[in-house]
Amino acid sequence: MSGLTLLYTLFAYVAIAVFLVGFLARIWKYATTPSPLKIPLTPAPVNSVGVVYRMVQEVGFFKSLFYSNRIIWIGGYLMHIALLITIVKHLRFFFKTTPAALAWITSFEIYVGFIFFGALAFLFLMRLVIDRTYYLSLMQDYVLLIFLMLIAATGILTKYYVRTDIIKVKQFVMGLVQFRPEAIPGDPIFIIHFTLVLLLLIYFPFSKLMHSGGIFFSPTRNQVDDAREVRHVTPWAVKG
Amino acid sequence: MAEEITTTEEKTVDKDIAALLTSPPKRAPEPTPELTGKIVKPKIVQGAAAHYKPHVAKPEIQEKLGFPGTLVENWQEAAVAKMRELLGKYKSLQVYMDICVRCGSCTDKCQYFLSTRDPKNMPAGRAELFRQVYRKYFTTEGKIFGKLAGAVDFDLSLLAEWYSYFHQCSQCRRCSLYCPYGIDTAEISMAAREIMDSIGLGQKYTNEIIGKVHELGNNLGMNEAALRNAIEFVEEEIEEDTGVPVKLPINEEDAEVLLVTPSADFFATPHLESLVGYAKVFHQAGINWTLSTTAAEAGNFGMFVGSYYHMQKIASRIKQAIEELRPKRLVVGECGHAWRVAYAFWNTLIGPFDMLNQKYPRPQHICEFTLDLINRGALKIDKSANDEFVVTFHDSCNVARATRMGDKPGGQFDIPRELIKAVTNKYVDMEYDTIRERTFCCGGGGGLLTDELIDVRVKGAMPRMQALHNVMETHGVNFMALICAICKAQFTKIMPKYGIPMEVAGGVHQLVGRAIVLGAKE
Ligand code: SF4
Ligand code: SF4
Ligand code: SF4
């Protein structure tokens with residue numbers, strides 16, 4: 001095994017471990033911190049089916065954002081959809097023989113990487129031109145966008161311009177999954193792409209990217225509006 | 001002096017402890033925003049609202065509530081420790097600290113930003129003051145990258161900003177409605193105030209009132225004799241007016257209904273008119289009811305300072321009154337934040353209400369109660385008594401975004417409107433973006449209803465004033481119906497500054513009271 005392969009094999013395992021442990025630890029924290037009072041943002045659903053529907057609208061369509069800021073919604077929604085499709089397409093690297101459904105999705109050439117990049121660039125631009133968001137933006141907001149743009153750019157390069165050998169990538173990834181390290185494709189663009197993704201995974205649990213899991217624990221959105229009907233009690237807040 | 005304060009570009013927060021603890025200097029009133037009928041998104045002006053702050057509570061007030069009398073020696077350490085405690089106690093705070101992506105979609109939704117233009121009055125800008133400390137002491141990112149990542153030492157100038165800007169938030173939750181994750185800056189400002197109280201930096205207005213309600217049972221600090229006098233006076237007024245002896249029973253045992261209403265209803269104008277309305281409703285429906293001197297206050301300022309302890313202690317008076325008087329139903333008068341505490345928190349704080357009749361909501365809002373009577377034909381109504389009015393309705397933000405009336409989501413919008421339409425002939429709504437869950441705050445909620453914050457209050461009311469101005473111009477509206485004691489006090493005070501007569505503000509039950517035909521049933 002070459003030094004590079006060894007390095008990246010270890011790097012990948014560390015990154016995935018940090019991501020999983022960090023993400024789950026955060027989620028555990030959100031899940032176990034009590035909500036002493038009923039604070040749903042009303043009008044709110046009066047039963048849990050309604051709450052699921054509300055969440056689906058928020059997570060699936062960014063409903064509040066849609067009514068709040070159409071411009072940011074367009075950028076944000078495109079970006080997230082493109083990201084989702086890209087992640088799904090990448091799943092093919094994890095299967096020895098690509099499942100039919102996945103192959104079918106992958107067969108559509110919709111330049112999703114370009115949409116992803118474009119949406120990110122748009123969001124970057126918006127941060128700069130709207131004085132309110134420019135004021136709010138922190139270093140990490142720009143860094144994340146640049147990071148994602150670089151990932152998109154290198155991904156696009158490997159796919160359309162300096163084509164990386166997909167078979168070799170697949171072997172490498174399968175090796176990781178099956179704990180039987182295989183040689184990493186030495187293609188520099190691919191290596192950069194892969195490095196950035198791993199770095200992002202490591203940063204993920206410590207960053208605002210936790211909004212992905214955190215939204216499900218937002219009390220104003222996930223609580224049932226039934227304060228009068230059902231007495232809500234949490235451990236520290238009991239007392240007669 | 002007045003000249004230099006119009007809009008300061010530099011931040012003028014206090015630089016030392018002495019300055020932080022002293023009251024704001026007396027200033028000439030700032031100009032009232034112009035009524036153009038439009039709510040525009042302003043360009044930001046940094047530091048434009050940095051000079052506002054409420055009076056700091058004196059040691060006597062603080063100590064009565066169990067808070068340190070004045071800023072403690074090791075305040076920074078103590079504040080961080082308190083923050084740790086609250087992060088562990090409130091999911092809202094913990095999650096909201098982490099998940100803001102600074103997308104900016106809340107930034108133009110707060111009435112205080114829209115009018116002051118200060119970016120620290122944008123909801124995420126306000127919360128950022130809290131997050132700066134959170135990052136510094138609780139996040140890996142902040143510990144490694146420090147200032148670069150927006151982590152800031154909790155120093156005196158940041159504390160001064162906390163004191164200023166967390167008292168320019170009425171906890172109206174408008175930001176939460178428009179945030180993709182529902183981040184509720186009200187939760188954050190409550191936590192900030194709780195932390196400040198715990199290190200001895202309290203707000204005089206709110207904490208004084210919490211002290212009064214603990215001591216005397218109402219926010220106005222009236223003793224029982226004064227209360228009884230006031231109620232007698234109301235009875236005389238009604239009889240003089242109508243010739244009918246309508247009673248306002250006090251401390252009657254075993255009545256059907258216990259009415260808990262904000263104490264302002266007993267003394268203030270136009271609040272009194274709503275009290276008259278409630279009394280007429282009970283009288284005419286023939287429902288045996290009572291007020292209680294133990295529970296002569298529906299308001300609960302414990303919420304404004306984020307104190308679960310004080311909120312529960314204040315609410316426990318209601319429970320005590322129920323035990324003393326054994327009513328079958330519990331009805332709450334017109335008050336926004338009070339209805340939030342009653343509707344959403346009472347069951348947790350002082351429930352379960354097993355001793356009350358389960359056939360009715362526990363508690364029930366006076367609008368639910370009255371509309372139900374009207375729908376069942378229990379009241380005779382003469383709408384023409386209100387013909388001099390073209391009415392609109394201001395959705396109190398606490399009622400709109402934190403509670404419900406009736407069984408269906410949105411009942412909190414429909415029930416008061418149906419009630420108004422049942423007692424008046426002419427009703428129009430204000431602009432779409434300013435009503436129902438999208439409503440703007442009156443500008444005086446959340447513990448801001450104090451004289452030294454008058455400039456903040458006048459500005460905070462700007463979006464509502466624009467919308468009201470529009471319907472006054474286009475539809476001849478001359479009455480804005482309210483269901484909140486604070487809204488009533490705020491609007492009657494600030495509307496004249498906008499050139500709108502204060503009589504335009506009044507209670508929903510003021511209209512009900514005028515339209516009820518007394519003695520007509522028999
Ligand atoms: S809308 Fe929500 S996520 Fe966006 S900046 Fe405001 S608080 Fe943060
Ligand atoms: S709760 Fe209301 S007043 Fe406070 S920041 Fe949000 S919108 Fe502004
Ligand atoms: S006073 Fe009225 S509008 Fe203002 S915060 Fe309270 S309920 Fe909302």
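A salt bridge is taken here as a side-chain nitrogen of Lys or Arg within 4 Å of a carboxyl oxygen of Asp or Glu. By this rule B:Asp98 forms a salt bridge with A:Arg26, the closest N and O atoms being 2.8 Å apart. The structure is a predicted model, in which local features need pLDDT of at least 70 and side-chain atom pairs count only at pLDDT 80 or more, whereas totals for chains, interfaces and linings use all residues. Residues are numbered from 1 along each chain as its sequence is written, chains are lettered from A and ligands numbered from 1 in the order in which they are written, and side-chain values use heavy atoms, with hydrogens and water left out.

The interface of chain B and chain A contains six salt bridges, and 45 residue pairs are in polar contact across it, both residues being at pLDDT 80 or more. A polar contact is a pair of N or O atoms within 3.5 Å; within protein, one must be able to donate a hydrogen and the other to accept it, and residues adjacent in sequence count only if both atoms are side-chain atoms. Helix α16 of chain B (residues 336–350) gives the most to the side of chain B that touches chain A, with eight residues. Helices (H or I, at least four residues) and strands (E, at least two) are DSSP runs, numbered from the N terminus. By class, the side of chain B that touches chain A comprises 38 nonpolar, 22 polar and 22 charged residues. Ala, Val, Leu, Ile, Met, Phe, Trp, Tyr, Cys and Pro count as nonpolar, Asp, Glu, Lys and Arg as charged, and the others, Gly among them, as polar.

In terms of contact (heavy atoms within 4.5 Å), 82 residues of chain B meet 58 residues of chain A. The two chains bury about 5700 Å² between them, 56% of it on carbon and sulfur atoms. Within chain B, the residues that lose the most area to chain A are B:Lys91, B:Arg102 and B:Thr348, together 13% of what that side buries. Buried area is the accessible area (1.4 Å probe) that two parts lose on being put together, summed over both.

Chain B is itself divided into domain 1 (48–202) and domain 2 (210–515), with bounds from an automatic or database domain assignment. The centres of these domains of chain B, taken over C-alpha atoms, are separated by 30 Å. Between domain 1 and domain 2 of chain B an area of about 2700 Å² is buried, of which carbon and sulfur atoms give 58%. B:Tyr52, B:Leu65 and B:Arg173 supply 20% of the area that domain 1 buries against domain 2, more than any other three residues. One salt bridge is found across this domain interface; B:Glu215 forms a salt bridge with B:Lys64, with the closest N and O atoms 3.1 Å apart.

Two ligand shells were examined, a residue being near a molecule if one of its heavy atoms lies within 4 Å of it. Ligand 2 is surrounded by 14 residues, the closest being B:Cys110, B:Cys169, B:Cys172, B:Arg173 and B:Cys175. Helices α5, α6 (123–138), α9 and α10 of chain B each give two or more residues to this shell, which divides into seven nonpolar, four polar and three charged residues. The residues surrounding ligand 3 include B:His394, B:Cys397, B:Cys441, B:Cys442, B:Cys484 and B:Cys487. The shell around ligand 3 has six nonpolar, five polar and no charged residues, and α18 (397–402) and α22 (485–494) of chain B each supply at least two of its residues.
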